Structure formats: C-alpha cells, structure tokens
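Hi everyone, thanks for coming. Let me put the structure up, and then we'll walk through a few of its contacts together.

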Amino acid sequence: KPNLIVTPHSLFHIQVALFCSKKSGLQVRVRSGGHDYEGLSYVSHSHIPFLIIDLFNLRSITINMDEESAWVQSGATVGELYYAIAKKSKVHGFPAGSCSTIGVGGHFSGGGFGTIFRKYGLASDNVIDAQIIDVNGMILNRTLMGEDLFWAIRGGGGSSFGVITAWKIKLVPVPSKVTTFDVSRTLDQGATTLFHKWQTIAPKLPPELFLHSLVGVTNSASQEGGKTVVVSFSGLYLGTPENLLPLMQNSFAEFGLRRDNLTEMTWIQSVLHYAGYSIDESLEVLLRRNQTSPSFKAKSDYVKEPIPLHGLEGLWKMLLLENPPPFIFTPYGGIMSEISESETPFPHRKGNLYGIQYMVNFASNEDAPKHIDWIRRLYAYMTPYVSKFPRQAYLNYRDLDLGVNQGKPWYEKAKSWGLKYFNCNFERLALVKARVDPGNFFRDEQSIPPL
C-alpha cells in the first residue's frame, strides 16, 4: 500500500511531489483511471515504499473543432472524452477503447484500441502532441521532449518516462449513422465451424467493419443442467444496413446475417452499446467514473495462423472446466496492417489475424490459486497456436507472469517480458529511457529499464 496519495490540482503540485519523493526515497506510481490489470498504478508487489500521484483532478478536455483536435488531461476517462466530442459534433469520434471508465493516461500510453481501430488505428496512433513532467521536474511538450521520447510514450507505457499530464489528439470522422449487430451460436448451432471461418474472414473485411468474437460458457439446451460453449459475434459497421448486408453475404455467407439482426444508430449510441449501456440512455452515463468488478487474472495472445478445429475443440473443453468471463477475440487487418511495426512502440501490426484476451474471476484470495492455476494451464495449452519467438502480449493487458524487474542487469533481465510486449522496439525504448531517466527513478515491476 502507498505511504502517501497525492491528488494534484496543478502541474506545480506534481513537480513538488516528484521532488519530495526523491528526497524521501519513495518510488512514484501514477494513476489516471486505475484499470491496470496487475495494479501497478496503485500498489507495489515488491513492497518498496512509494507514493501515488493520482491524476483524478486533472481531467479537463478542450475540443477545437476548427482543427478537429482536442487536448485531454490524463485523469479524464475515455467516457468523458467521448461525451465531450459528442457535445460538439455528431460526425466525429476517436478510436479508443469501449470501456468508458478507463483513464486516458494509461490507455493512450499503452496503445489503446477499440471498435474503429481497423479504420483509424490505435488511440496512440492519433496522438499529435503531449505534455510530460520529466525526472527533473521540467514540463515538456512534443518540441521540447524530442521525437524519441514522443515516440516512446505512444505505446511504450508512459509511467516509465515521467508523468504525462495531457495529450493532444486528432479527432476522426464518423458517419451520421452506423450499424451494429450481435449474433450468438452455441456448439450445437455450428459455433465451431463459424469461428474457424471467422479467423480468416474478420481480418480481411473492409476497415469500416469491426467483427469481433466473444467466447464463453452458457446453459445447454440439449443437456439438462449441462453447459456448452457459446460464440457471440458482435459487429460495428461505419455505414448503413443496406450496404452491410450484401458485404456480409459476399464475404461471410455462412454467418447468415439478416436485416432483423441489424440496428442502425448514431456513433455515440454505439459507444453506449459497447460500454454495456442501453442506446437510449442519457449520455451522462459516460461520465460515471466508478466501476465495480471482481478480482481477476488476465493474459493475452496474438494469433498469426488460424487455430485448427482440433485446437478449438481443446480450447472449448478447457473453458467448460472453469466457466470464465467471455474471452475476447479482436480482429486486426485494415489500417493496422499498413502501419509499420516500428512507427510506435506498439508492434502488433501486419501479420496478426487477431488478438486474444483471456480472463478468470475469483471471489476471494482463498479461491484465487485454483483459478489462476487454471488460466495458466489454458495459456500453456494455447502455446502451439499463437505467436512465437517471441510469444507476444499486449501491454495494456498487463501480466506479471511474463516476468518482473529484479536486480541488475536491468535490461537483460527485463527482456523476459519486454520483448513480448514490444518485440524489436524494446531496445529503442530502453535507449530512450537511458537518455531521459538514466537513474531509473520512474520504475515499477514492469517499467522500461535504461540501456
């Protein structure tokens, strides 16, 4: 637990907190929303004295419609950003995540993808300036920090390099009407065959269409008291139902999409839909900051070759042993295949069919070991079917199983997790770290080490 929590109202407060933490020998953790999957923004697993700089009060959003841009302070949530954009324009959006309570500080600095990232890239791909307070307490913008540091914080995890206080982003155009659909199939209804086909179809669809899959467990209609696997296909199309139907019939006829499966709505209503709200709710629900959830463990993977049928059947068997929250399978392709792996630290671009988020919940610390053991066994089972050399992972789905920083040499030991998150970009990140924070002041269990 922290020795101290600082809730700054100004940049000066942050500068003072950094000065005092260095003088007192305290590590610093920076919290914007609190969605860190391993809690590194607000706890220390290594039991080292630390303070939290909680950016809750620094969450102003300034929209410039003439420039089609916005300045967003790091303590704002994704929901607050979507709300601010919607109040200014019905035909602009931003390609960030679907969970509205995520703080933009961590989300942007780790990459940040959502329902329109196949069209416009990641949140970090659409950052055009930033404000950071460095280890010396200096307030820097893009010009003052230099292009290397600006590169590093757009996907390399900002907390390794300083306290990022604000981001300038470019807004993206969205049509006045979009189309969504949600169709589920159980194993008895041919879910395995559909999902097997989905693996090759979804990444090749036009970038205007996002078709992801959620795989979970439900009650079986054919077995009393039994369970079965259910695959839910959820789509967002930047266009009308009249254009979507022939597209799906030509690309994925086996899916059997019908007009009565489709719902036309505004883009901001699709934000409500994917955040788990009714599209008829007031937009003010996007301003809610608190979210309750059980304790959980998550892991991630990237898939470059379709998983064969026997591999899927084994995965389904593993799922039926646990009944976890739905796993999320996110298709890549679109503009993600056109952006260089080295454009930002986020390397998962061309060659990826889709990414996977695995998750398991547990009600208490006593229950945790058996559930964590299960997800580790499942992760081991998936080894033959996912990326290799290195097996890749997504920074924003933080996973300390991949390795932690322990002692020197910092860089060599950090490769165990660093190459998985960043691939060939890890070395460049460590070189930037050595230039801007050679003493490794900004550090945690998975911070970038100086090289």
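Look at R59 and E80: their side chains meet in a salt bridge at 3.3 Å, N to O. By salt bridge I mean a side-chain nitrogen of Lys or Arg within 4 Å of a carboxyl oxygen of Asp or Glu. R59 sits in the loop between β3 and β4 (61-64) and E80 in helix α2, so the pair ties together parts 21 residues apart in sequence. Helices (H or I, at least four residues) and strands (E, at least two) are DSSP runs, numbered from the N terminus.

Before going on: this is a predicted model, where local features need pLDDT of at least 70 and side-chain atom pairs count only at pLDDT 80 or more, while totals for chains, interfaces and linings use all residues. Residues are numbered from 1 along each chain as its sequence is written, and side-chain values use heavy atoms, with hydrogens and water left out.

Back to our pair. R59 is partly exposed at 31% relative accessible area, whereas E80, at 9%, is buried. Buried means under 20%, exposed over 50%, and partly exposed in between, using a 1.4 Å probe and protein chains only.

Now, which parts does the salt bridge between D401 and K299 tie together? The distance there is 2.8 Å, N to O. D401 lies in the loop between α11 (368-381) and α12 (410-422), and K299 in strand β15 (residues 295-303), so this pair links parts 102 residues apart in sequence. D401 is partly exposed at 33%; K299 is buried at 2%. Both belong to one network of salt bridges with shared partners, together with E38, K297, R376 and D399.
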